[in-house]
Each structure stands twice: as C-alpha cells, then as structure tokens.
Amino acid sequence: MKTLSDIDFNGKKAVIRVDFNVPLDEDFNVTDDTRIEAAKPTIDKILKDGGSMILMSHLGRPKGKEDKYSLKHIVAKTSEILGVEVKFVDDCIGDKVTQAAAGLKPGEVLLLENLRFYKEEEAGDEGFAEKLSKLGDVYVNDAFGTAHRAHASTTIIANYFPENKVFGTLLAKEIESLDKVLKNSEKPVTAVLGGSKVSSKITVIENILDKVDHLIIGGGMTFTFVKAQGGKIGDSICEDDKQELALDILKQAKEKGVQVHIPVDVIAADGFKNDANTKVVDVNEIPDGWQGLDAGPKSLENFKKVILESKTILWNGPLGVFEMENFAKGTITLGNFIAEATEKGAFSLVGGGDSVAAVKQFGLEPKMSYVSTGGGAMLEMLEGKTLPGIAAIQGK
C-alpha cells in the first residue's frame, strides 16, 4: 500500500481529495468538524515536508452552483483547524484555478470550490479529471467516505498520476482497520449488527460469517429473526418478506460454527415515542399494540459475556432507538462493554452512520480502537467489494 511516507513532498504540489462534506447550520457555521480534523495528519505531513497543496471536496448534493453548498463557508474553520490561512478559489477548473494553483508557495494551502457544482464530477468524466490532475505533481486520496464512488476526483484522476498517487493517512488507517477485522483478526471475533433492516445487512452478514465466531443481532432486525422462528412480536418493525432469509442465515451460521446471539427480552412500548408506557417482555411474547424499541436487561447480560471474551469486535448499528432517551440504554451499555473489552486489549472497529453517531453522542469515541468515517464505503468493504477509489491508487 503506497502511503504518504513513500513520498518526500519538498517543493511538490499535492492534489488531495478530502471529504469536507460537513454539516452547516442556517448561518453556515460548521456544526461538526470531525472530517476536517480527520484530514489534518495528512495535511500536516505535506506541510512539514515543505510541500503545498490543493484541497478538493464536495459538499451536499447541489443542483448546479448553489451558494448554500459553497465551500467558502468552511474556509475559516479549516484555517483554524490546520493552523494556516487557507486560500480559496470560487471554482475548481479553469484559468483562475490554474493560476491560483501555480502561484502556491511551499507551506500554502488552496481549497477549491465544490466539485459537485459540475455534473462531470459524479459522472466520472475523463476531461474533468484531467483538468484537476494538472493542478499538482502528486495525487493523494484521503476521502474514505467517497472511496466507493467512481467519481472524477476519487477514482478517474488517479489515472493521470501513474507513479505519484498515494493513500492519505486517514484512508490508509481505514483500510488497515478493516483488514484487521476481515483478514488479520485475533480470535474470538464478534460482529454486532444492529439497525432496523435485515435487507441492508444481508451481504455483510454473508461475507463475514466465514470470519467471525459470534454474531450479535440487535435493533429492529431482531424481530424479523424472532417472527421467522415463530415468536410473537406485537407491533414491532419486521420485514415479512425476509423471514426465510433470516432462517437461512441462522442455518448458514450453524453450518459454519458461528454462534448467533439474538435478544431474549426487550423494552417494549405502547407507542413509538419517548414518553410511551414501557415494560420488559420476553422477545417471543410481545403483546399486540406493543413494539420492541430496545434490548432488555437479560439480553445485555448475555451480550456482555460474549463481548468481554472477544479479541476483535466489529460494531455496525445500534441496539435500539437510541435517539429517544428512554430507548438508548441498550446501545449505551453495549458501547460500554466494547470500551471495557478494548481497554483489556481487544481491537474494536465502529462504523456505519448510526453507531458512529451513538459513540459520539455518548462520549465513547475515544474508548474505541477505531471509529470509521465512511458509512457507505465501510459497508461495501464489509460486503467484500473492492472500492474504486482504493483500487485506483493500488493501480488495479
């Protein structure tokens, strides 16, 4: 894997694909700067070497040029985080961009306008990629969140740097962390898959069954498995058309010697709201008019034993509707078990939008070995797919 350490950037200009798709409030203030912070190690290394750089990113899903999606809104925050005054040009191709890039001195940083102001970016247009490539000497991809897209700036541009293309620090770390779970894991390996739908996790489950010893199933997809085995789930969420698939997954797991752990009790509510009436019930005996919204105490005890005996843990998806305070206990408790196992030497990888949001919300992020920055990209890697942005750097 070719990384930043393979190149001395002294006197060189690096074109870096970062993922600065950050949330903004109505006054255009950055409300979560995690992604800018995540790119800092790569930028610091290039500046320390004596190089300069052109940063390119997308922001949101603009339809043409829309001021609210302009990257000019993040210049001040980016300058503050990087500790250098970031220059900005209000386009990403054309004469003024070429001139701004050509005029960069060592130690200077230039941020281009939103790549998605051009439809050619998402179309993976060769001509657009070539224009971007002419801005620098080295191409660095540090945007894991978009590595599963064959866009001009994430994949096609790499063709114009046959020798000088490398992974940034963040992207390299993402790949290493996933490899540690999927290829070089220390046993026992436990995967915790939560969230509402079996359908969104099928390929992940099928791909990881050969690699794990324990599979903990939680969240809304619990009830598809429970109903498939004859349990009464009341008004709980369920994918009726996936019941056969759930039984097939259990059969495959048994054949491969994987122990599957499904909640045995749940916190049930008589409505989908935080102040609904609640009670702890057996997962197979949820009354009509009630729905399971979080894992129950016996389930958490069972999961605790499995987690604390694990050496490698993958967590993707919450155990309950953690956005509501009264149904967040299962997710928080699971997070604490994983933190405890990590402290004892286990490797823990957290990924997927909701689990990442949960660990951040409950202050658990520093207690995990690695928290992934890319939801869709991570899921595709867990499914065993080769991501185009990664293959492009590896020259595949």
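Student: What makes the pair formed by the side chain of N141 and the backbone oxygen of T154 a polar contact?

Tutor: A polar atom of the N141 side chain lies 3.3 Å from that backbone oxygen. The cut-off is 3.5 Å. The pair falls within it, so it counts as a polar contact. Keep in mind that this is a predicted model.

Student: Why is N141 called buried?

Tutor: The relative accessible area of N141 is 0%. Buried means under 20%, so N141 qualifies.

Student: Where does N141 sit, and which residues does it contact?

Tutor: N141 belongs to strand β5, residues 138–141. Setting aside neighbours within four places in sequence, its contacts are R17, T154, V166, F167, G168, L171, G389 and I393. T154, the polar partner, is on that list.

Student: Now T312. Is it buried or exposed, and how do you know?

Tutor: T312 has a relative accessible area of 2%. That is under 20%, so T312 is buried. It is found in strand β15, residues 312–316.

Student: What makes the T312 and E186 pair a polar contact?

Tutor: The T312 side chain reaches the backbone oxygen of E186 at 2.7 Å. The limit is 3.5 Å, so the pair counts. Beyond four places in sequence, T312 touches K180, V181, S185, E186, P188, V189, T190 and F347.

Student: What makes β11 and β12 a strand pair?

Tutor: Five bridges join β11, residues 265–269, to β12. At least two are needed, so the two strands pair. They run antiparallel. D265 stands opposite D282 in β12.

Student: Why are β12 and β14 called edge strands?

Tutor: The open sheet has three strands, in the order β12-β11-β14, with antiparallel pairing. β12 (278–282) and β14 (291–295) each pair on one side only, so they are the edges. Neighbouring strands here are turned by 45° against each other on average, direction ignored.

Student: Which helix lies across this sheet's strands?

Tutor: Helix α10, residues 297–308, lies across β11, β12 and β14. It runs at about 145° to β11.

Terms used:
Residues numbered from 1 in each chain as written. Predicted model: local features only at pLDDT ≥ 70, side-chain atom pairs only at ≥ 80, totals over all residues. Heavy atoms only, no water. Helix = DSSP H or I, 4+ residues; strand = E, 2+ residues; numbered from the N terminus. Axes fitted to C-alpha atoms, helices over the stretch in contact; angles between N-to-C directions. Contact = heavy atoms within 4.5 Å. Buried < 20%, exposed > 50% of the residue type's maximum accessible area, 1.4 Å probe, protein only. Polar contact = N/O pair within 3.5 Å; in protein donor to acceptor, adjacent residues only side chain to side chain.
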